[in-house]
Amino acid sequence: MFVRNCWYVAGWDYELTADKPISRTVINEPIVLYRTADGAVVGMEDRCCHRGAPLSLGRLEGDDLRCMYHGLKFNRSGRCIEIPGQDQIPATACVKTYPVVQRHSWIWVWMGDAAAADPALIPPAVGFDDPDWILGSGQMDYEANYLLINDNLTDFSHLSYVHANSFGATEIWARTRPNITRLERGIRVQRWISGGVSEGVTRADRRAPDGMATEHWQSYDYLAPGVLLMQSATYPRGAQETFGGGEPDPSVIAPVSRNFTSQAVTPLTDRTSRYFFSWGPHASEGTKETAEAMMKVANMAFTEDRIMIEAQQRTLDTTPPRKDILTSADVGPMQMRSVLERLIRAENAAVAAE
Amino acid sequence: MFVRNCWYVAGWDYELTADKPISRTVINEPIVLYRTADGAVVGMEDRCCHRGAPLSLGRLEGDDLRCMYHGLKFNRSGRCIEIPGQDQIPATACVKTYPVVQRHSWIWVWMGDAAAADPALIPPAVGFDDPDWILGSGQMDYEANYLLINDNLTDFSHLSYVHANSFGATEIWARTRPNITRLERGIRVQRWISGGVSEGVTRADRRAPDGMATEHWQSYDYLAPGVLLMQSATYPRGAQETFGGGEPDPSVIAPVSRNFTSQAVTPLTDRTSRYFFSWGPHASEGTKETAEAMMKVANMAFTEDRIMIEAQQRTLDTTPPRKDILTSADVGPMQMRSVLERLIRAENAAVAAE
Amino acid sequence: MFVRNCWYVAGWDYELTADKPISRTVINEPIVLYRTADGAVVGMEDRCCHRGAPLSLGRLEGDDLRCMYHGLKFNRSGRCIEIPGQDQIPATACVKTYPVVQRHSWIWVWMGDAAAADPALIPPAVGFDDPDWILGSGQMDYEANYLLINDNLTDFSHLSYVHANSFGATEIWARTRPNITRLERGIRVQRWISGGVSEGVTRADRRAPDGMATEHWQSYDYLAPGVLLMQSATYPRGAQETFGGGEPDPSVIAPVSRNFTSQAVTPLTDRTSRYFFSWGPHASEGTKETAEAMMKVANMAFTEDRIMIEAQQRTLDTTPPRKDILTSADVGPMQMRSVLERLIRAENAAVAAE
């Protein structure tokens, strides 16, 4: 059900302070995260090998973590280095560790074979340190399987219905289809939209002078297990033709406005997920206040998604299974599901071959 | 476990307004209900055939219902008539509909074979439009299987214990037995009670002059799946003998007071049920205020039932199953259970024969 | 999973008043408890043999209990002695009773073969009527299996970590090991501690004059299914040597202070437990106020235990099972588990031999 050889977002780097471990569940596995003196992050199974107490209730002692039930102490490699009142430490007294990387303002945890943990597989999200973008951020918990959220994020036809209020999205999102390209570990979704893209609350951000006719370019990659990286840009009418319907070049035609969002869907358990997101304007076109105003809209919109998807999950769980009637808007979700299935099949085959 | 070829009460007709669909679960099946322009009620599976989103979160467009996840639109026959951004609509794109009838102020849904949905099988409940009765109404949700509520309503010996406070019921309810007759789809329960029937709060309704000796007639039908239709009447002492212990004729002896109650038990799931009820005086003997005062007592009494039955359900669920020790008061419950079992067996036999 | 031929603490005797039955679940079995006129306690299955309603919602009538659903009345032997409206009472109309004994301020229920219910097996807890001790009391519910609480109470190495705050326990508890002796139905745990035993809140109770060097004696029996009976005493430094490291004799050296605690862990269900406890000073060394101050600390400390143990239970329930890495501090827990396993095996063998 889950890809294991994969980097999952376990949290924002600002969630983990220097003084206290935290607990995170990823694909049903409880993980304790803590910082060492050099600022690195250690990830271990959140279960003491002694009697199963959570190490996240433990105490940081330098770069080591002491279980606060009976006092066993573990170093950053998960090795038990002290059993109070006992000189001998069994060689088996150790806790599984997980490869962890901090990058792009997220803490990424590798859930599969540690030998295969290649940081190059971390999706190129945009972090707070990127000078080109000014970002707000947030998170939201779902009572739903992560695939339903992936489906949502790989098919924007829902904007016209779910987000008619928050984003003021018009019917054009549902009535036209984007170009979708397969990637090695995901899909690329791109489109120009010429008509009224949205009305109301988010319009202000587009910075178009009164009466200017505009066109909207949107391009995102959706990468395993569930990371969305999207740039949106508004151009003066005619840009789509100038660029032959392809990707615009801001050095040829100056965009009216641009924004970027990084989003990550992390399965906590089979039926719960955590959704991390940042969004904001290009640094040359907005301020921290712009980003904050955009986050208000995002929180409203993502709550609309959550209400629909959690209701969908409950319906799927309480009615007999049956085959979906698919539409042409399902190309994105289906391709993304097939990417994940291919990765899971490959992992299973590798395990079977061992 | 459930009769399917049967009309279930899904709600009061006043619960369903013209502008918004509502969701109801009946025998584990989620149903969306909405009104068409002519005031009729449509019932459909509350699950879009596309990706399983609940249609009850959808938007009414004339007599059609649009799923507000990806915009598929369905007509009142459950047929998909629009997929935004796509010309072709697969013939399989449709949602199951349920026969629905509004009658006696209730919305009735047929859960079985639509071809067999005969409105003549709807029990003759008394609605608000009946000029003979002035009715208050209410509803209550149970964390219990509906059969336990049926058992309660087909054996009034519990009045003496469960309702000693609310109805002021005396021991006579438990110490005497009614006459019980089998009906095609239920049972008829009738009795005269000569002694003190009840004391306290409900006594006022009986309108007997001070010192008048009275007798009480009670007659109800209990019909599949769980509909109780009951008339109660108080007469001057001697009426029972005049009518030979049978049904009284109000044109021969004027009753002191009469009231009528319609009640329906609808299984939502295996362990939850909804209980709908109306009650009130004969139009010639009471007013809307009388009905409201009676509803206060009813709500108090039905809460007493709910507390006992939910506790019974929890006990049955947490202790090993065993055979009940039956008493002579269980004739009603046992006959009613056997009616339901016969109907279920007949349905299964019909399905097997196909 | 549970010993049956065993006395379980169902409650404090002060919880059961003369006028009202109460319900208690012990090892998954619901029990109704009530008092007869002579003050004795009756324990019956909390399930009417008629339709399964809980008898704890019933009405006490002299020494009998009437089910308040349909009125069946049971005597203290569990025999049905009245069915309202019916002369015949089936011989099978009876409810299982449990042997119950009130002793040491607790109500003890025997869950196994009634013929084997020997009051001599009741652990010698200290009740409120014991003139030697002044006791406060309390209770706490756990969302955890009782064995995890037994483990906690048979290994005090956790004091140094879990109770560093409440008891101000130092590392000495974890760094030294007590003497453990096997008993027929439990274990005996004893030790002298010479160094700083604890700091802060509980220190006041030890009544040592300023600057007096002290030693601490602690001895407890832990008896099936989960009863802890412990005396703690503080002596002037040197006492340990005087008594050869064994049990001190207060008539030879006067203790600075002594206290006694009785504690009982009762499994309610597989994953819930109730923890009863009393604690207080020797009557010659403290007052009711001392006992109350000690209960404040106890409640704080036992909450620390509960937080850790419930977290441990959740971790064990959500991670795959594996073998614990045991330490030398686990001798007490392992011996106590083996006592319970032996008792359970013996019961199963006796049942198989029948």
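1. Ser105(C) is buried, with a relative accessible area of 9%. Buried means under 20% relative accessible area, exposed over 50%, partly exposed in between (1.4 Å probe, protein chains only). Ser105(C) sits in the loop between strand E10 (100–103) and strand E11 (106–110) of chain C. Strands (E, at least two residues) are DSSP runs, numbered from the N terminus. The phi of Ser105(C) is positive, about 70°, although the residue is not a glycine.

2. A note on the basis. This is a predicted model, in which local features need pLDDT of at least 70, side-chain atom pairs count only at pLDDT 80 or more, and totals for chains, interfaces and linings use all residues. Residues are numbered from 1 along each chain as its sequence is written, chains are lettered from A and ligands numbered from 1 in the order in which they are written, and side-chain values use heavy atoms, with hydrogens and water left out.

3. Now chain B. Ser105(B) has a phi near 70°, positive in a residue other than glycine. Its loop lies between strand E10 (100–103) and strand E11 (106–110) of chain B. Ser105(B) is buried, at 9% relative accessible area.

4. Most residues other than glycine have a negative phi, and most peptide bonds are trans.

5. Next, two cis bonds. Ala224(A) and Pro225(A) are joined by a cis peptide bond, with omega about 0°. Pro225(A) is in the loop between strand E15 (214–223) and strand E16 (227–236) of chain A. In chain B, the bond from Ala224(B) to Pro225(B) is cis, with omega near 0°. Pro225(B) lies in the loop between strand E15 (214–223) and strand E16 (227–236) of chain B.

6. Chain C superposes on chain A by a rotation of 120° with 0.0 Å of shift along its axis (RMSD 0.0 Å). That is the relation of a three-fold axis. Copies are superposed by least squares on the C-alpha atoms of residues with pLDDT of at least 70 in both.

How values were computed. Helices (H or I, at least four residues) and strands (E, at least two) are DSSP runs, numbered from the N terminus.
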